[in-house]
Each structure stands twice: as structure tokens, then as C-alpha cells.
Amino acid sequence: MWIGSIRLIVQTKNAANAGTDSLVQARILRDGHELRLLNLDYPTEDDLEAAAIRNYDYMGPTKLPRRNDKTPELPPGVGQIPMPYPGYGFEFSSGMSRHLQIQLRIRGEDMWIKDNVDLYVRFIRQRATSFDTLAWIEDPDWTYIASWGRDVAMSTDAREGVTTWTLNLS
């Protein structure tokens, strides 16, 4: 199974002082190994304000470069039609359950209270493009995967909250 795009829908608790100006990052992990570090940040807006709900979409080879799991890379100079893997995305050869984690990390002392995080993905699948040709094509629609709804206070100041919080897909 290949993931070609990730959407995180992040909600900040609706309470005084729940929002933050500190950068929050999401590490995407497969079996405890980092696949990619993603910023929950839009340069033109205050992202994690109290009661805010934000969509963070990470798509394509610059955001999700190919990270094989069990499919071996072809040797340099060797091609195959179709390729045994797509040009980008994350492989979860044993499925995502119990293998995918999202670790949230705050990078400052301005406390943030996470309310809810939803995960959606678009899978990449081999599909017939003609009667004798296969190609890797990303699904056009988002697939809901999981939600994590526990309120968690996060800060690099240990008196205010934890610095990291791991969301496990069980």
C-alpha cells in the first residue's frame, strides 16, 4: 500500500490561551523510523489559534518523496515497465495499522492545546491505463483513516505541557 498524499485536519481547543505562536511539527513515522518532518504552518496566517480548524495538505514528490518499505530499489541504470513502485509516496507493505505514527512536537514555550487531529490520505495504486499498460495513479479522493480527540497541552515549558505527543494508528 502506497500513500501519495496526506491531509491532517488539526483543531485547537476552544479555550483562552489554547492557541500558540510556536511552530508545531508532525513527524510521520513507519515502525518508529522517520519518513518525513512536516510543519503545521502557513506563512500567511496564525495557524494554531484558539478554536481554529486547519487543513494541512502534503502532496507530491517534494512533500512526500518515495520511501520504500519492503520493495527493493532497482539498481542504477535499470528500468522496468511498470516500475515496481511509484515515483513518490510512502510504502506501508504491512498496512498502516500498528505501523504508522504521527508525532507532534512543539518548538516553543507558547503553550498549545491540541483538541482534535484527523488523518486522511490519498493512496497510489497500479491501474490499467489501456488494455496492456499499467501506471501508478493517485486516488482522486481523500480516504479517512483516523481521528485523535484527546485534549493535550503542549509546550517546551514542562510546567505547561509535554513537548511531544505521539498519535498511534492502532
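Strand β2 pairs with strand β3 (residues 33–39) in the antiparallel sense, over 6 bridges; pairing takes at least two DSSP bridges between two strands. This is a predicted model, with pLDDT of at least 70 needed for local features and 80 or more for side-chain atom pairs, while totals for chains, interfaces and linings use all residues. Numbering runs from 1 along each chain as its sequence is written, and side-chain values use heavy atoms, leaving out hydrogens and water.

**Overall layout**

- The protein has 11 strands and 1 helix, counted as DSSP runs numbered from the N terminus (strands: E, at least two residues; helices: H or I, at least four).
- Going along the sequence, you get β-β-β-β-α-β-β-β-β-β-β-β.
- The C-alpha trace spans about 60 × 30 × 25 Å along its principal axes.
- Of the 170 residues, 42% count as buried, a label for under 20% relative accessible area, with exposed set at over 50% and partly exposed in between (1.4 Å probe, protein chains only).

**Around β2**

- β2 (residues 24–30) is mostly covered, with 6 of its 7 residues buried.
- β6 also pairs with β2, in the antiparallel sense and over 7 bridges.
- On the β6 side, Ile28 stands opposite Ile102; on the β3 side, Ala26 has Leu38 as its bridge partner.
- The hairpin of β2 and β3 has 2 residues between the strands, and Asp31 takes a positive phi near 50 degrees there.

**Nonpolar core**

- The largest nonpolar core has 32 residues, and Ile6, Leu8, Leu40, Ile102 and Leu104 have the most contacts inside it. A core here is a set of buried Ala, Val, Leu, Ile, Met, Phe, Trp, Tyr and Cys residues joined through side-chain atoms within 4.5 Å.
- Two or more residues each come from β1, β2, β3, β4 (53–59), β6, β7, β9 (143–148) and β10 (152–154), with β7 giving the most, at 5 residues.

**The cavity**

- There is 1 cavity of 30 Å³ or more, meaning a set of points on a 1 Å grid over the protein atoms alone where a 1.4 Å probe fits but cannot get out.
- The largest cavity holds about 40 Å³ of space, taken as the space filled by probe spheres set on points joined across faces, edges and corners.
- Its lining (residues with an atom within 4 Å of a point) is made up of Ile3, Ile6, Ile28, Phe90, Phe92, Leu100, Ile102, Leu119 and Val121.
- β1 (2–12), β6 (100–106) and β7 (112–130) each give two or more residues to that lining.
- By class, the lining has 9 nonpolar, no polar and no charged residues.

- A cis peptide bond joins Ile81 and Pro82, with omega at about -10 degrees; Pro82 is in the loop between α1 (60–63) and β5 (90–91).
- Asn17 is not a glycine but has a positive phi of about 65 degrees. Asn17 lies in the loop between β1 and β2 and is exposed, at 64% relative accessible area.
- Ala51, also not a glycine, has a positive phi of about 65 degrees too. Ala51 sits in the loop between β3 and β4 and is partly exposed, at 36% relative accessible area.

How values were computed
1 Å grid on protein atoms, 1.4 Å probe; cavity = no way out; pocket = protein on both sides within 12 Å on 5 of 7 lines; lining within 4 Å. Nonpolar A, V, L, I, M, F, W, Y, C, P; charged D, E, K, R; others polar.
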